[in-house]
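The tour begins with the whole chain and then moves to selected elements and side chains.

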Amino acid sequence: MESSGRRAAAPGRGPRVLVVGGGIAGLGAAHKLCGHPAFPQPHVLEATARAGGRIRSEHNFGGVVELGAHWIHGPSQGNPVFQLAAKYGLLREQDLSEENQLMDTGGHVGLPSVSYASSGESVSLELVAEMGNLFYSLLDQTRDFLHAAQAPVPSVGEYLKREISRRVAGWTEDEESKKLKLAILNSFFNVECCVSGTHSMDTVALLPFGEYTVLPGLDCTFPGGYQGLTDHIMASLPKDTVAFNKPVKTIHWNGSFPEAESGDTFPVLVECEDGGCFPAHHVIVTVPLGFLKEHLDTFFEPPLPDEKAQAIRKIGFGTNNKIFLEFEEPFWEPDCQHIQVVWEDTSPLEDVTPELQDAWFKKLIGFLVLPSSGSVHILCGFIAGLESEFMETLSDEEVLRCLTQVLRRATGNPQLPAPKSVLRSCWHSAPYTRGSYSYVAVGSAGDDIDLLARPLPVDGKEAQLQVLFAGEATHRTYYSTTHGALLSGWREADRLLALQGPQVHLPGPRL
């Protein structure tokens, strides 16, 4: 079977490459290949009507809002997303400053500008800072177990709770004050669930947690929208590289698929939901891990090797959503950037699971104040986990009504005007995503990420690199990020270029 791209490709045409998924990993891989004579035109099959994947900027509220990726995490020279954004002129002057690039945040979310208790009282920002420092110092300790022989407990959450219990034993305040401190700590647990894209920190594995690498730099946003980045990459691809509304049903690999038109035989055949079939020498799969989990039994024929299938099942993939609220007038101060809501009846040390419909909103970490554009005033709430997935099942009206009650209760103002409109993401319901991003779950490790990234067939000699894997969930140290996704796409493009021999190793992509 002639399936090593070099022999089966017709002269001058190069091996045929298909990329499944038009997110930043797929677009990055396609662009890198396009820049080399050995791969004149890879094709991208995108399931939806738009490119960008989990980068999704929408024009709304008189400006741009990010339904998907929000920040460049670690905007500094080692971050390819930052480098491209700077090159395209998509960032503010201050975000490009050396001072911002050198800042070390430790990957932690900043403290709130104002904190409201659910009783309507303001919470002391000094107390919030004290609890924040305790939480993040313990979270930093969890990274120290990376090279330990074994973990004292399986999860990050269990470790944090164990250490907090020890601290609580030494607290000397009255019971009400202790309860408030635990409620503030619970709010930080909810923030970390959003950061990790998980329902509970009890599902995030302790030993490998420190393998995730935080780049230096003060996280920044795109004034004109994150999608400006993927739009630029799209614009640099040859016309008709990306086919939209082309969901893939099954990838048939390790076969021998003749094509009458060219007379060639191909090792891979990509079958789409609409019945269209595309033979290829190489396929780069960049679909989200949530989609792979749901379609594992039908997406590959023959089925994936057992250890790769097990890695897909074991690696975590959760939901983090945003809820945007538009107000006629701001009820917050002009310099306010982040509003925290502390639910006084919650504690990380109590395993209470109330009915979702009664308490889903308690998982909300509060609201970011988006930069004001003229008369438009927007709050952006973040919510993770099963509560986030339940929120997706509600109507816009139900969400708006519920969050109006939350804000009236928190501010102590029963007359607080309701938001005039709501917009939200629904990543768990999105059929080709099924969640937000990956994390290393209890029972999995960094090796599982590498297993997921390994091309097929595993022992291919002649039939090399038929199916390759990219996407944020395949990057061992930058999983869950756009820079991890982009680097993974480049990695798989480089893998194909290396197969063609040293003559094609030109400088990297000139985007």
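What percentage of the contacts in the protein chain with a separation of 6 or more is accounted for by residues 24 or more positions apart? Such residues account for 75% of these contacts, a contact being heavy atoms within 4.5 Å.

The model is predicted: local features need pLDDT of at least 70, side-chain atom pairs count only at pLDDT 80 or more, and totals for chains, interfaces and linings use all residues. Residues are numbered from 1 along each chain as its sequence is written, and side-chain values use heavy atoms, with hydrogens and water left out.

**The whole chain**

Select the protein chain in cartoon view. It contains 16 helices and 21 strands; these are DSSP runs numbered from the N terminus, helices being H or I with at least four residues and strands E with at least two. The radius of gyration is 24 Å, close to the 24 Å that the globule rule gives for 511 residues, so the chain is as compact as a globular protein of that length. This radius is taken over C-alpha atoms, and the rule is 2.2 Å times the number of residues to the power 0.38. Along its principal axes, the C-alpha trace spans about 80 × 55 × 45 Å. Of the 511 residues, 57% count as buried (under 20% relative accessible area, with a 1.4 Å probe and protein chains only).

**Helix α2**

Next, select residues 24–34. Of the 11 residues of helix α2, 11 are buried, so the helix is largely enclosed by the rest of the structure. Among them are H31, K32 and C34.

**Aromatic pairs**

Now display the aromatic side chains. The whole structure holds 17 aromatic pairs; rings of Phe, Tyr and Trp (its six-membered ring) pair if their centres lie within 6.5 Å, and planes under 30 degrees apart count as stacked, over 60 as edge-to-face and the rest as tilted.

Select Y136 and F188: the ring centres are 5.7 Å apart and the planes lie at 80°, so this pair is edge-to-face. Y136 belongs to helix α6 (residues 125–142) and F188 to helix α8 (residues 175–196), so the pair ties together parts that are 52 residues apart in sequence. Both Y136 and F188 are buried.

Move to W343 and F361, a tilted pair with 5.5 Å centre to centre and 55° between the planes. W343 is buried at 4% relative accessibility, and F361 is buried at 13%.

Finally, select F291, F299, F300, Y432 and F469, which form one aromatic cluster.

Note on methods:
Buried < 20%, exposed > 50% of the residue type's maximum accessible area, 1.4 Å probe, protein only.
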